[in-house]
Amino acid sequence: LDPTDPDARKYGLDLAVEACRRGVDEIQFDYVRFPDSRRDSATFDGGVDPEVRVSTVSGFLTEAVNVLRPMGCAVAADIFGYLTTATDDGGIGQRWEEVAGIVDVISPMLYPSHYDANWYEFADPDDYPGEMIDLALADGISRLTKEVVIRPWLQDFGYGPDDVRAQITAAEQYGLGWMLWNAASEVTVDALLPAE
């Protein structure tokens, strides 16, 4: 969808309003962004320069907050993980400080396998799951301009229990909750602590 298209924006917001009316207490917006890989022939109603990208994403999330908070719903947004460190919008309209300054919950997708080689000086970031989560969260937290709940997505694919647990431990050392992502919805149960 074209994030600058008013009809596309209305559709997403209408779904959120319906969910909130039906009793959902937090609406998490996923992939509110411009495509990270665009053909030159791709067109967007409102343009695609950096200022437009950031104002489009921020504008949609602000509108969502203005509509959903009075209804009793918190607003959450997923954001690409590397943006806890990158100071630009990553070419997709998501700038860490902007999004964190608007929503109630920000969820960086901190999948070590998605980082380029030599990120944080690790030849293969995927080999350092706990360290990657720790460094990414330290960067993101240090850049916050207001209080916001950070609830990261952690990688639960391509890893065994120890690597999944290392990510959980890294998030919890900051006092944060977390979510596990696996496209097949298969949770590495052995990485979880028994209920207390």
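**A walk around the chain**

Start by selecting D124, D127, D162 and D163: together they form a negative surface patch. Keep in mind that this is a predicted model. Now click on D127, which sits in the loop between β3 (105-110) and α4 (129-142). With 54% relative accessibility, D127 counts as exposed.

Next, zoom out and switch to cartoon. The C-alpha trace spans about 45 × 40 × 35 Å along its principal axes. Colour by burial and 44% of the 196 residues come up as buried.

Time for charge pairs: the whole structure has ten salt bridges.

- Select K10 and D14. Their side chains meet in a salt bridge at 2.6 Å, N to O. The two are four residues apart in helix α1 (residues 6-21), so about one helical turn separates them. D14 is partly exposed, at 37% relative accessibility.
- Move on to E18 and R22, a salt bridge with its closest N and O atoms 3.3 Å apart. E18 is partly exposed at 39%, while R22 is exposed at 69% relative accessibility.
- Finish with R53 and D89, whose closest N and O atoms are 2.7 Å apart in another salt bridge. D89 is in the loop between β2 (74-80) and α3 (96-100) and R53 is in helix α2 (residues 50-68), so this pair ties together parts 36 residues apart in sequence. Buried or exposed, D89? Buried, at 4% relative accessibility; R53 counts as buried too, at 9%.

Conventions: Residues numbered from 1 in each chain as written. Predicted model: local features only at pLDDT ≥ 70, side-chain atom pairs only at ≥ 80, totals over all residues. Heavy atoms only, no water. Patch = residues over 30% accessible without salt bridge, like charges linked within 9 Å, V, L, I, M, F, W, Y side chains within 5 Å. Areas by Shrake-Rupley, 256 points an atom, 1.4 Å probe, with all protein chains shown as cover. Salt bridge = Lys/Arg side-chain N within 4 Å of Asp/Glu carboxyl O. Lys, Arg positive; Asp, Glu negative; His and termini not counted. Charge placed at Lys NZ, Arg CZ, Asp CG, Glu CD. Buried < 20%, exposed > 50% of the residue type's maximum accessible area, 1.4 Å probe, protein only.
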